Amino acid sequence: MMITSYKNKIAFNFTMSTALLVALIFFVVHYVVSLAVYNGLQKDIMFEADKHYYEVGIKDGEPYIADKAEWFEREHRELEVNPVFVQITDRKGVAIEKSPNLKQDSLTADFSKEDRVFFRSKLKGLSIAQMQVALKEKAEMAGYLVVAIPIAESEEVLDTLKNVLLIAFPIVLLVLFFVTRFIAGKSIQPVLSVINTASKITNENLSARIPLPVGKDELGKLVVTINDLMDRIENAVEREKQFTSDASHELRTPLAVIKGTLEVLIRKPRTAQEYVEKVAFSIKEINRISYLVDQLLLLARFESQKKAMDHQRMDLSELAETILQRQQKQIMERGLSVDLDSDEHYYVYSDPYMVDIIIENLLSNAIKYSFENGKIHIVIKKSGNEISFSVKDTGIGIAAEEILKIQEPFYRSNPLQHPQITGNGLGLSIVKRMCELLTIRFTIESQPGTGTTARLTFQS
């Protein structure tokens, strides 16, 4: 549970990545300090070597101290905070003279080392920094000047620094882990709020929303996106509930009519004509149910319809003529006259199948709601970058306050006043939704008793 916590993962990953950086910093610190210490020691021993080199002379091939009394007196006179060991050897490394502070001990010349090269050695188990200078007479090797200074204290300082760094390393990482864990916990608090709010959301409670965090960062954008998603889900669920309620109501009526008709039909023997009439009436109601189901399925496809749209270049004038031919029977039955005002071909880029459904619904409504022997006027024209397609009828019209309502599913205006006009109130809701998908502007203008104008505006 510890490592699966998101804030622990953040703290762990951050600490591990920081550990490499801290280790590198500690290594650089130790290296720089060591370099500074040994450079200082090298300068000191070089100074001492140069100073004593000029005090050494060579006679008969053997090195000697030019003023031994002065040398010994200076050794006693100076305060040795950091003593310097000096030794003169012959060419074989055997000691000839040495400083009094060496007492019974001797420095060992290392013939493998180059002249005036700083290196570390041991004197009675103690660490020393040593340098040897070749003593020559006329290019002939006479011996060596060996100079050394103790470095035990310097090494102790460096060891202490190393131990401090090694001890501090895990402590720093541990502190860093818990500090990062605390900060991460504060940072992901809105995420916990998202989880808590999401756990409270059910089908019966879709109104809960996640509170917005203070900062306008990526997490804030996530919360806004989730809240927007919840808005869409809530609206979809509400539409589904309303849709299911309305659909069940609309289907229940024709089914009840069919059931009642058949029940009356079987109560007693009927004539052949009565059977034909009742069966024909039932078939009519079944056709009504079939049409209603087709319309409901069409509405149900809208959410995925946008992905399935197939935009093509299409001729509105030609499409209008095709639909009028399909509606010719209904037009003639009502004694209507139809004018198509389109002096040229108008092309738009849209989905032909969906535009066909839209225009056919508008024409069907115009035919259905027009008075007998009325007139329908279809006008297609272009204005700037827009092409408008309008259908105007001379029918019963509708009040202004109901124009928005008739675009909702299953709404019909005053159906009892016009019982001869059948329908299910889905036509204009289908038109409205398809126009939204195709970005077509859809408007309705109407006056009761005068007629209605439905207009589609396309971008050319």
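User: How many helices and strands does the protein chain have?
Analyst: This is a predicted model. The secondary structure of the protein chain includes 14 strands.

User: What share of the residues of the protein chain count as buried?
Analyst: The protein chain has 460 residues. A residue is buried if its relative accessible area is under 20%. The share of residues that count as buried is 37%.

User: Which helix holds Leu24, a residue of the nonpolar surface patch?
Analyst: The nonpolar patch covers about 840 Å² of surface, and Leu21, Leu24, Ile25 and Phe27 are among the residues that make it. Leu24 belongs to the helix that spans residues 6-53. That helix is H1.

User: How are the planes of Tyr53 and Tyr54 arranged in their aromatic pair?
Analyst: A search of the whole structure finds six aromatic pairs, and Tyr53 and Tyr54 form one. Their rings are 5.5 Å apart, centre to centre, with 80 degrees between the planes. Planes over 60 degrees apart count as edge-to-face, so the pair of Tyr53 and Tyr54 is edge-to-face.

User: Is Tyr54 buried or exposed?
Analyst: Tyr54 has a relative accessible area of 68%. The cut-off for exposed is over 50%, so Tyr54 counts as exposed.

User: How many residues apart in sequence are the parts tied together by the pair of Phe111 and Tyr144?
Analyst: The ring centres of Phe111 and Tyr144 lie 5.3 Å apart, and with their planes at 50 degrees the pair is tilted. Phe111 is in the loop between strand E4 (95-98) and strand E5 (119-123), while Tyr144 is in strand E7 (residues 140-150). The pair therefore ties together parts whose separation in sequence is 33 residues.

User: Which residue has its charged end over the ring of Tyr53?
Analyst: Tyr53 counts as partly exposed, at 30% relative accessibility. A charged end sits over the ring of Tyr53, 5.5 Å from the ring centre. This charged end belongs to Arg116.

User: How far is the charged end of Arg313 from the centre of the ring of Tyr347?
Analyst: The charged end of Arg313 sits over the ring of Tyr347. Its distance from the ring centre is 3.9 Å.

Notes: Residues numbered from 1 in each chain as written. Predicted model: local features only at pLDDT ≥ 70, side-chain atom pairs only at ≥ 80, totals over all residues. Heavy atoms only, no water. Patch = residues over 30% accessible without salt bridge, like charges linked within 9 Å, V, L, I, M, F, W, Y side chains within 5 Å. Areas by Shrake-Rupley, 256 points an atom, 1.4 Å probe, with all protein chains shown as cover. Salt bridge = Lys/Arg side-chain N within 4 Å of Asp/Glu carboxyl O. Helix = DSSP H or I, 4+ residues; strand = E, 2+ residues; numbered from the N terminus. Buried < 20%, exposed > 50% of the residue type's maximum accessible area, 1.4 Å probe, protein only. Phe/Tyr/Trp six-rings, centres within 6.5 Å; stacked < 30°, edge-to-face > 60°. Lys NZ or Arg CZ within 6 Å of the ring centre and 35° of its normal.
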